[in-house]
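Welcome! Please take a moment to look over the protein shown here, and then we can walk through it together.

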Amino acid sequence: MANPQPTLPVRIARAEQIAADIHRFELRPALAAALPAWTAGSHIGVWSPNGSVRKYSLCNDPAETDRYVIAVKRDPAGRGGSVDLVDNTRPGGMVSITPPHNAFDLAAKAQSFIFIAGGIGITPIMSMMRALNADGRRYKLYYLTRSREHTAFADELDGEDFRGKVMLHHDNGDPHMSCDLWPVLEKPSASHVYCCGPRGMLEAVRDMTGHWSPGNIHFESFIDAGHAAQPTDTPFTVKLARSGIRIEVAPGESILDAMRAHGHDAPSSCESGTCGTCRTTLLEGAADHRDLVLMDDEKDTHIMICVSRARSAEIAIDR
Ligand code: FES
């Protein structure tokens, strides 16, 4: 999150483990004021004690103004923010957050929804289902996890509020037992599909929904440039064609972050390659596409500068 953003102090009112490696945090206002309003699908940025900031979806009911609830997967293989937040904070302690931002909002006019969640990807969808329970629109959740023990909100999803609206599938870590979503997605409909989970699941759903109207398919990923970094990544140069300025982009850094570090901003929202806001015309060079937005026939002429990189030593973009 490279943008300077306003921060808000909140108190950790409650923290508890709700599944294997998944911890739920209830955050309350530090000052005697209500929290900023939000809509289903929103996320906040949370600073952990070591100064890392990570995005977490709000998973409570958007109608609640006195608390934000997040669920954090403690990921020892990650960049350290989630482990620090889980291990080094306690109820009663304070953390700083960014106000809610929504890059995964519910289609206002849609009447039915298909939710596909993998692992910790359930979090934004919990808030969406709570909102839909309140306004009466139809939905079905397909929630894919390794086992019951790895399933956040398992008991709640078994409860009355979600009866008949949820299908849980556990693969026990065996790829041969993965859920076949083709029967769900084979026939396009007026439903809107919302998918949040690991990269492989998002790509599988994207491939299975190529015959749907693109506007009906929505993805959320918290894979930012740092998460998407690969050991083979090398530096490259991005030329901003409108000014002729050349900027070096380091491994683990996004084009967008490198531009910002040099005083050039561009519109963005999800910063994970899923919303389409940072779509930029590619004028020269070859892109290494890491987004879930561009269609194959757009990939020679466009690039998502929040996650994608270059395959050539230099690319030129229309900025
Ligand atoms: S900001 Fe959403 S795709 Fe880049």
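## A buried residue in a strand

A residue counts as buried when its relative accessible area is under 20%. Ile22 has a relative accessibility of 3%, so this residue is buried. Keep in mind that you are looking at a predicted model.

Where does Ile22 sit? You will find Ile22 in strand β2, which covers residues 22–29. Leaving out residues up to four places away in sequence, Ile22 touches several others, including Val72, Ile120, His150 and Ala152. Asp66 is another story: this residue is 44 places from Ile22 along the chain, and the two C-alpha atoms are 23 Å apart.

## Aromatic rings that pair up

How many aromatic pairs does a search of the whole structure find? The search turns up five. In one of them, the ring centres of Phe104 and Tyr194 are 5.3 Å apart and the planes meet at 70°; planes over 60 degrees apart count as edge-to-face, so this pair gets that name. Phe104 belongs to the loop between β6 (94–97) and β7 (112–118), while Tyr194 belongs to strand β10 (residues 192–196), so the pair ties together parts 90 residues apart in sequence. Phe104 and Tyr194 are both buried.

Now look at Phe115 and Tyr139. Their ring centres are 5.8 Å apart with the planes at 55°, so this pair is tilted. Phe115 is in strand β7 and Tyr139 is in strand β8 (residues 138–145), so the pair links parts 24 residues apart in sequence. Phe115 is buried, at 0% relative accessible area, and Tyr139 is buried too, at 8%. One aromatic cluster brings together Phe104, Phe113, Phe115, Tyr139 and Tyr194.

## The whole chain

Time to step back. The protein chain contains seven helices and 18 strands. Its C-alpha atoms fill a box of roughly 60 × 50 × 40 Å along the principal axes. For 319 residues, a compact globule would have a radius of gyration near 20 Å, and the chain agrees with its 20 Å.

Of these 319 residues, 47% count as buried. Among contacts with a separation of 6 or more, 66% are between residues 24 or more positions apart.

## Surface and charge

As for charge, the chain carries 33 positive and 40 negative side chains. The centres of these two sets lie 3 Å apart.

How values were computed: Residues are numbered from 1 along each chain as its sequence is written. This is a predicted model: local features need pLDDT of at least 70, side-chain atom pairs count only at pLDDT 80 or more; totals for chains, interfaces and linings use all residues. Side-chain values use heavy atoms; hydrogens and water are left out. Rings of Phe, Tyr and Trp (its six-membered ring) pair if their centres lie within 6.5 Å; planes under 30 degrees apart count as stacked, over 60 as edge-to-face and the rest as tilted. Helices (H or I, at least four residues) and strands (E, at least two) are DSSP runs, numbered from the N terminus. Buried means under 20% relative accessible area, exposed over 50%, partly exposed in between (1.4 Å probe, protein chains only). Contact means heavy atoms within 4.5 Å. The radius of gyration is taken over C-alpha atoms; the globule rule is 2.2 Å times the number of residues to the power 0.38. Lys and Arg count as positive and Asp and Glu as negative; His and the chain ends are not counted. The place of a charge is taken as NZ of Lys, CZ of Arg, CG of Asp or CD of Glu.
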